[in-house]
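Here is a short report on a model with its sequence. Please read the text alongside the 3D view.

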Amino acid sequence: MEIRCNQFQELSKKALNDQNLQKALKNFSTLIQEKRNLAFSLLDDSEGLRDQAHNIKKETLERIDEYLEHLEKNVIRLGGKVHWARDAKKAREIVKTIASDKGVKTVVKGKSMVTEEIALNQGLIARGIEVSETDLGEFIIQLAEEPPSHLVGPAIHKTKEQIAELFSEKLGVRLMEDPQEMTMIARNALRDKFIQSDMGITGVNFAVAETGSIVLLENEGNIRLSTTLPKIHVAIMGIEKVIPNLEDLNIFLKLLARSTTGQKLSSYTSIITGPKRDGESDGAEEFHLIILDNGRSKILADEELRETLYCIRCGACLDFCPVYLKVGGHSYGWVYSGPIGSILTPQLINRKQAYQLPFASSLCGACAEVCPVKINIPKILLTLRRRMIEDPQWGKPSITEKTVFSLYAYIMRNKWLYEMVTKIARFAQIPFIKKGILKNLPPPLNKWTHHHDVAPLEKSFRQQWKRFSDKYEES
Amino acid sequence: MEDREQILSLIRTKKVKNTPLFKERKKQELLLQWQNIIDRNTHHIDKLIQTFKVECELLTGKVYVVQNRYEACQSLSSIIEETEAKRFIKWNSPLLEKLNVDDLLESFGLKNMLLAEKSSTSKQHRRDYTGAASKAELGISGIDYGLADTGALVLKTSPDRNRAVSLLPPVHVAIMESRCILSSSDDLITHLLLDLEEKGDLDSCLTLITGPSVTADIELNLVLGVHGPKELHVIILESN
């Protein structure tokens, strides 16, 4: 998909003016926050579980090479095939090669962010292969030719009227209002695709090294269908998805569904261990696992940013982020949105293009508070901001900004200078105060007031204190 | 191969670690642990059944706790009548045989959609198989375990236990004995670790199911049966 991260400001302005989107985000967040909080309140020792999950990720990444080799060995022993892809292009090539070797004409897909990341659909369609997204939300946005707007609810930005029109236009059905009815239209259209397709493609929630299993969570059943009916199953995982063993899986299963939708468990949790065995009547005969780097090894090597790879893609940081809940997913300009998008995107794609994202946060810390693996997102945001300001390799260091802040720091350190400057500023600000707010300051300060409502300087604390104590003494 | 070597060299950890990659487990200890779980669960069986029922019904599942074969068949009959099912697919499991489910289905005149279909690798056959299974209105499984704290069903795949039964038909009926109700996924993990010790591998597919297939993708409206079953019925036969 086209990367539009450098248009964050334009896109978010558009989103803020989109009444449907604002309503959808409001409804969505009210419901999901309540459900998530309830689910966690009913969980014994949720803090302890989150700490454990954090440590499992930490320790696994410290020996990720060994765990991946172990996973590979087990998948091969079970009769599966393992492919390694250094980047998106290679991953697409691998899928295309499997498809053309086996004469695959139609593919069904389960919802997977990593396939969005590598733009797999476009690659397959260009080869003349028909690709059907089968998660209802993904099905809707595929018809609308739009990217997902949320990790978990890809079509939350669409109203049912918009979906009804879309179905009528693209599927040739009459306009209908009932979500139930529309869902059944999708069920019937997709059931035929499942039966006819030769290949099912899914992501991976967890890959268990010790058993060679991949684990997939879902509510609709489309992922089970994608792994059960077609002859070939291709699963794609980022290197960070590997976990050591079943005990670890148990910890994550307690956290993931609760964080994602507030459920205790998803409707379906599938632990798939290799292709179908002899005598079994369904399940994929061929199992391919693609292990993708695509910039992750770089994140792994960076101690300050490594925690980014702990993410299990639950979407909770989006659901609680005051910025995401106003600007929506599309404003972030690429696959990953919300707080996790703001730290992941600049590390995966051209950094300068995603320059604005780490700054699109109030640093309120809600994301870190709900993250099931306790990623310190605000700290990583600050690290990225610092690098983007200081390091030409990361961003666009601005001499003006640097000068202004050095000057500010200098003034703050000198009492007499501070007092003099604030005294002058208190007079100088008068023409710029509009309705109690400082607006349109002259350059270079306009860069600040353009995006922020700044309260005018009041009398200093000392002055106010003096006046207060004088009054007190008088009385 | 080139990509493999490159990625591994990029992520290769320099530090030599002497600790083992995986936890060492002793089969004897696992067996003991499992025995303790069974003892504990047997002791609390009524509470476990109750918790399972509550959790499963919160997710719109219907739970029937029955004492004997006769009552089990009564429950199944009422489901068949309610759903007006004409075609079914089912597992072959000792419990279903014990309950004589086949005879009951026959007496209702239901057609087994997979009787003629045997496993084969040809493409056309695969489509015939799934096409036929897809026409069934009822899927009947004799599940391995239930998890009380989440109301989850645990289904393991094997030649007699396909994946389609709990997935393709709009109605899924799961039958289990009450002694198969575990308290939580913690119990299940112990069982799976024992499986791993004994068989060397997990089954090709293990599925945990809570409630029916569900979506909320259109304006957060809950719609059941989007891809899998719309209805879930669980018949629990109380163990003697």
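The report covers the model, then each chain, then the contact between chains.

## Model and numbering

This is a predicted model: local features need pLDDT of at least 70, side-chain atom pairs count only at pLDDT 80 or more, and totals for chains, interfaces and linings use all residues. Residues are numbered from 1 along each chain as its sequence is written, while chains are lettered from A and ligands numbered from 1 in the order in which they are written.

## Chain A domains

Chain A is assigned domain 1 (46-155 + 189-294) and domain 2 (406-474). The bounds come from an automatic or database domain assignment. The C-alpha centres of these two domains of chain A are 56 Å apart.

## Chain B fold

Chain B has eight helices and 12 strands. These are DSSP runs, numbered from the N terminus: helices are H or I with at least four residues, strands are E with at least two. The C-alpha trace of chain B spans about 65 × 50 × 40 Å along its principal axes.

Of the 240 residues in chain B, 43% are buried (20 or more other C-beta atoms within 10 Å of the residue's own, with C-beta atoms placed from the backbone).

## Where the chains meet

Chain B gives 60 residues to the contact and chain A gives 71. Two residues are in contact if their C-beta atoms, placed from the backbone, lie within 7 Å. On chain B, helix 1 (2-11), helix 7 (123-135) and helix 8 (185-199) are among the elements that each supply at least two residues to the side touching chain A.

Strand 9 (residues 268-273) of chain A pairs with strand 9 of chain B, antiparallel, over five bridges. Pairing requires at least two DSSP bridges between two strands. Here A:T269 stands opposite B:L208.

Conventions. Buried ≥ 20, exposed ≤ 12 C-beta atoms within 10 Å, placed from the backbone.
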